Amino acid sequence: MFPARPGGVVPPVLPVGVIPGAPVLQGAGGYTSGGLHLGPSATAPHHPSAASGGSVFSGGLRKSGSALAADRPPCTLPILLVPGFISSRLDAVSSTICPHWEGRPIWISLSRLGFQSMHGKGLWENPDPEHQTLKNKWLQHLCLRGPEEETPGVHLQAPDGLDGVKCLDPESLFGMTAEGSKLFGPIMKVLEECGYEAGKDFDAAPYDWRFAPSILQRRDGFYDRMATKVEALNSRGTGVVLLGHSMGNKTISYFLEYAKRSKGQQWLDKNVYSWLAAGAPLLGAPQALRSTVQGMAEVRPLFSLDEATLFARSVSASPWLFPIGDLDASPYCFLRRQGVLQIRNLHAGITAGCLSSTRNSVMLTVEVCWGSNGETDALTTNTSMVQEGAGGADGKVTFNEECNVMVFGGPPEMPTDATVRVIVKEKGIHDDEDTNPLRRLGKGLVAGAKCLGEAMHGRAGWGVPKAYTQPMSLAESLATGRRDGDGFCEICLQVGSSQGSVTFQARWLDFRGLRAEWLGSGTLSDAHRHNGEVPVRHSSRKHEIYEHL
């Protein structure tokens, strides 16, 4: 805890996360062990790294408690706060895409989130790979074009100092979002109650967390500016406490090595008192790998799955958090024992009477039932417009192949009674059949009730169900259909009695086929498992079994 201030008052303790087995670095008489301890301690044990010579904290950094200025309360050792991943606010310095956003927060801002992801209309305005632009302009501001390159015409920057870490969204909804998006604000308040003065006794080093550490220095000179902050805080010569949270500790680690090489060990001994690591992923985090493969879970409420995956893969800092060392040697990736049904190339031919208006858009919900004892899964396409046929023929609806590939996770083997059906949905306000406003209002209320019913049954999408196909046996269709070179079979389902048809290609991979497709091997023998580990079961869903990778 903090040492007692004059008068015997003990300030509150700030908890610090400690990784089991990870080294705890110690500076001039201070020691961290589950709490924030910034003062000298006669009982502080000597950490082995202090004598090894291999740490930037070795040698002269270890001062005795008497090295502190006699007239300076030990509880006000200067502190530099270093935030973690997605924990620095990012403002738009310049933007040719949305010039009116310049000077305003981008990460994060409820007023600029962009709600395109809620409507399922796809990612791209222009499918041309050379000139692709995102429909979600907020996401386009955040995504990187390359490892050290922002979107052309966009430049974001973290505000300097404590303003960049106090809260993420200080202005939306007339400032009401500030409380809900607070970061280091509560810590700053506690420090001020303990006698710290903002900007003098404690400061912060926000940074653009999208970029890898070496890029931060080349692009922004971040670590040189961080060193300047440390020197400014160390005006009384006591040394500065570096307090990092999450990925901020990786940033501190990089800074210490950078400072040692560029300024020397004496600079560290003079200016750095200790490093306190809160929730430090010093050996990386499996979640970083999962986010890169499947989309960043932290931002999934703000993005669609495709947007979250695109965002995670564009951030060059992601590999910096991949597991390393002992963590990398232990199993942290698992493959669930299941099969996969893949569906692509969806098309529909729909009669004019199926929809309220061909000016409305269409989406398809594909529902798979894994047999009488299995679950039912449903996925919905993005929207597409009807291309009317000549002479009153059926309208054709074609869905973008790249954005409408569906993957259903199923049991390890295909059940003989598994079925698939398709629901045709309409989205829009046009009605060619009725112009009476009262009747249209009643239809709107009925449509809203149907949308809620779809959501309750797990069939997402803001479309109104208009027609259904009859369930068709998956096992029979896949066994009798003609396969293409990729192993996909074409399946055709009739819509209603005479309302058109839906066609798509489907492929089933059982667990052996899934391993061969994804891992290059059809078997996972004991020799391939980590230390002969047996498969593991999910802690809450006991029927789910996982293999070590």
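Residues are numbered from 1 along each chain as its sequence is written. This is a predicted model, in which local features need pLDDT of at least 70 and side-chain atom pairs count only at pLDDT 80 or more, while totals for chains, interfaces and linings use all residues; side-chain values use heavy atoms, leaving out hydrogens and water.

**Stop 1: a serine in a loop**

Select Ser357, which sits in the loop between β11 (339-350) and β12 (361-369). Is Ser357 buried or exposed? Buried means under 20% relative accessible area, exposed over 50%, and partly exposed in between (1.4 Å probe, protein chains only). Ser357 has a relative accessible area of 2%, so it counts as buried.

Now show what surrounds this serine. Leaving aside residues up to four places away in sequence, Ser357 touches Glu426, His430, Asp431 and Asp432 (contact means heavy atoms within 4.5 Å). The side chain of Ser357 also reaches the backbone nitrogen of Arg359, at 3.1 Å.

**Stop 2: two paired strands**

Next, select β11 and β16. These strands pair in the antiparallel sense over five bridges; two strands pair if DSSP finds at least two bridges between them. Find Ile343 and look across to Met406 in β16, its bridge partner.

Stay on β16 (residues 406-410). On its covered face are Met406, Phe408 and Gly410, while Val407 and Gly409 are on the uncovered one. In a regular strand, side chains alternate between the two faces of the sheet.

**Stop 3**

Select Cys167, which counts as buried because its relative accessibility is 8%. Then jump to Cys354, which is also buried, at 3%. How many disulfides are there? Taking a disulfide as a pair of cysteine sulfur atoms within 2.5 Å, the count is zero.

**Stop 4: confidence colours**

Colour the model by pLDDT, the predictor's confidence in each residue, from 0 to 100. The average for the protein is 77, and 75% of the residues score at least 70. Select residues 116-120: pLDDT is below 50 there, and the stretch has 13 contacts in the model beyond near neighbours in sequence. Residues 525-532 stay under 50 too, with nine contacts beyond four places in sequence.

**Last stop: the whole protein**

Zoom out to see 15 helices and 23 strands. Of the 549 residues, 47% are buried. Among contacts between residues at least 6 apart in sequence, 71% join residues at least 24 apart.

Definitions and conventions: Helices (H or I, at least four residues) and strands (E, at least two) are DSSP runs, numbered from the N terminus. A polar contact is a pair of N or O atoms within 3.5 Å; within protein, one must be able to donate a hydrogen and the other to accept it, and residues adjacent in sequence count only if both atoms are side-chain atoms.
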